[in-house]
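User: I'd like to go through the labels used for this structure and hear what stands behind them. Could you take them one at a time?

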Number of protein chains: 2
Amino acid sequence: MCRRSSAAHGVEWARVADEAGLDVFGVGEHHREDFAVSSPQVVLAAAAAQTTRIRLTSTVTVLSSADPVRVFEDFATLDLISGGRAELTAGRGAYLESFPLFGQPLDRYDEYFEDRLELLLRIRDQNPVTWSGTTRAPLEEAGGWPRPFQPALPVWLAVGGTPSSAVRAGALGLPLYLAILGDPQRFAPLAELYRRSAAEAGRSPGRIGVTSHFYVEATSQGARDTFYPHYSSYIGQNMPRAGRLDRASFDSWAGPRGALFAGSTAEIVDKILWEHETLGHTRFLAEVGLGGLSQADTLRSIELLATEVLPAVRSALHLDAPLSQDKAGKGRS
Amino acid sequence: MCRRSSAAHGVEWARVADEAGLDVFGVGEHHREDFAVSSPQVVLAAAAAQTTRIRLTSTVTVLSSADPVRVFEDFATLDLISGGRAELTAGRGAYLESFPLFGQPLDRYDEYFEDRLELLLRIRDQNPVTWSGTTRAPLEEAGGWPRPFQPALPVWLAVGGTPSSAVRAGALGLPLYLAILGDPQRFAPLAELYRRSAAEAGRSPGRIGVTSHFYVEATSQGARDTFYPHYSSYIGQNMPRAGRLDRASFDSWAGPRGALFAGSTAEIVDKILWEHETLGHTRFLAEVGLGGLSQADTLRSIELLATEVLPAVRSALHLDAPLSQDKAGKGRS
């Protein structure tokens, strides 16, 4: 993909997902040559102007390396432009390149995230805001402008596999976002821990969202044959520790209990329902377009998710009306 | 205006300006309740998705309070999404509220701007980049991603009335942006100083852009009667030092040699041509929608600028072909 197309393609994914009836579109943040997007809010604003209904979120905003006031302003603006469709997902980031780029010391990794999450929630909920912390200049009766369209900007918390992060999300009453790359069943205790922490803090547990690498086609064999070369190249480049992904391992990851959602529409439906029984999540985010998959294949995959997978999942869960903000499509561009 | 409309209205200004044939659309940065936009890049990205031809710029980006790496990433993304239509204008900001908000000490005002401008130009022109300064963490062979669509992202320098700033712009070879609020003729020495500084640095002087408060209608009387109550309210709120703007002063500011461009299409054409003789600028940016002027009046004013003022100015200057990036419309939202 040329440089322009990767950002512009993402906007087209949002447009197709919106038209086909998905509920949410997300864009991640990376500061690397091999990912197109370092500024999710700029891509999401373009998507907002070409869509009417779909919700728009970051997946994720690397909060440790960002200024929470700036993040709030950007997403409040996105919320105004989209008529109340903005969300943001705060995370530490799966990569570390943002730390030297923005001058954060790696040995204060946890402190930076906690301090900035506290400020983000404070400026979301109070205006003017007075705050002091350890990683940023204090605020004294400072205004955070503009205010968003929604009464409160939704903030999700992204968690890899760290139990204390799930506890924090529960205690803060924030919805939880799980990026599942290994065995999905290993995440069941994390979801349980999250719900228990919320209850212990006297809060109702928020929603759980799950994200997975995704490609769907009409047939199982077709989906795997199309996707394998792209996905093995993606894994080789982004997860060098995983080693070279041979076809047998790929087929195993894509099997009924693996983390990879690559198969026929029927297989994807079964896997979403099985994972829902295990984790009780109410949002599924599909990571699409990995490994330089063609734009035509990516768009067809998004359409199949909306028109075949989503109705079947809704029907199986007896959700006759569209489940607001539920099963969802997510683009990684 | 309700909160949503002020950001969404700005996107509509861009759409109308694009369709009517103007060359550039700009959005400023303010961190105050009485201005809608704190994040120009997010509004410009939405505008990019609803336009096809018009250039998109910040007017201005308050660089002293921003992280230049983040600014570069945001505008490079905007450039990719818009197919090479992004620019940015770096300035110190006409207001000071961003300093306490982002933790910059006011007594290092000049140092912050110079240090961050140097980094912005460095990361624009080199990749990877190694840099060290006094107001931000250093960079060591760091990548700035994504790279923009254009070979080099255009960076303009905004100047109020400070001669040393004009000298800096000339020496750096950056195009100059003059915000003219007082007597336009007072800016002629600044334009001359800019050209001389460029020549002394062995550079060709860049373009000069001029911005002015703007409202046009078919007749002079109509334009002034419609605009006066809005403009006097705007001045009272934003320039309290100017005192209450009575109608006689308003009419004088809007006269043939005043700084305010409010009148008939013929008056606006004459004034642009006179100012062009005085300053030699090749871009005129009209600040529209001031003081809560209605959206209908604002859109009509933008259309008149494109369809009547611009062709007359081109004709008078013997610019038969559309003057690329020249006479321009600018929205303050």
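Analyst: Below we go label by label, with the value next to the definition. This is a predicted model, where local features need pLDDT of at least 70, side-chain atom pairs count only at pLDDT 80 or more, and totals for chains, interfaces and linings use all residues. Residues are numbered from 1 along each chain as its sequence is written, chains are lettered from A and ligands numbered from 1 in the order in which they are written, and side-chain values use heavy atoms, with hydrogens and water left out.

User: How do you know that the same surface serves both copies?

Analyst: Contact means heavy atoms within 4.5 Å, and 100% of the contact residues of chain B recur in chain A.

User: Why is A:Glu141 called exposed?

Analyst: Exposed means over 50% relative accessible area, buried under 20%, and partly exposed in between (1.4 Å probe, protein chains only). A:Glu141 has 55% relative accessibility, so it counts as exposed. A:Glu141 is found in strand β6 (residues 139-142) of chain A, and its phi is positive, near 50 degrees, though the residue is not glycine. Strands here are DSSP runs (E, at least two residues) and helices are too (H or I, at least four), numbered from the N terminus.

User: And why is A:His318 exposed?

Analyst: A:His318 has a relative accessible area of 67%, so it is exposed. A:His318 lies in the loop between α11 (295-316) and β12 (328-331) of chain A, again a residue other than glycine with positive phi, near 55 degrees.

User: Which residues of helix α6 of chain A are buried?

Analyst: In α6 (residues 163-172) they are A:Ser165, A:Ala166, A:Arg168, A:Ala169 and A:Gly170. They pack against α5 (109-125), β7 (155-159), β8 (176-179) and α7 (188-200) of chain A. After α6(A) comes A:Gly173, with a positive phi near 70 degrees.

User: Where is the cis peptide bond at B:Pro128, and what is its omega?

Analyst: The bond runs from B:Asn127 to B:Pro128, with omega near 0 degrees. B:Pro128 sits in the loop between α5 (109-125) and β5 (129-131) of chain B.
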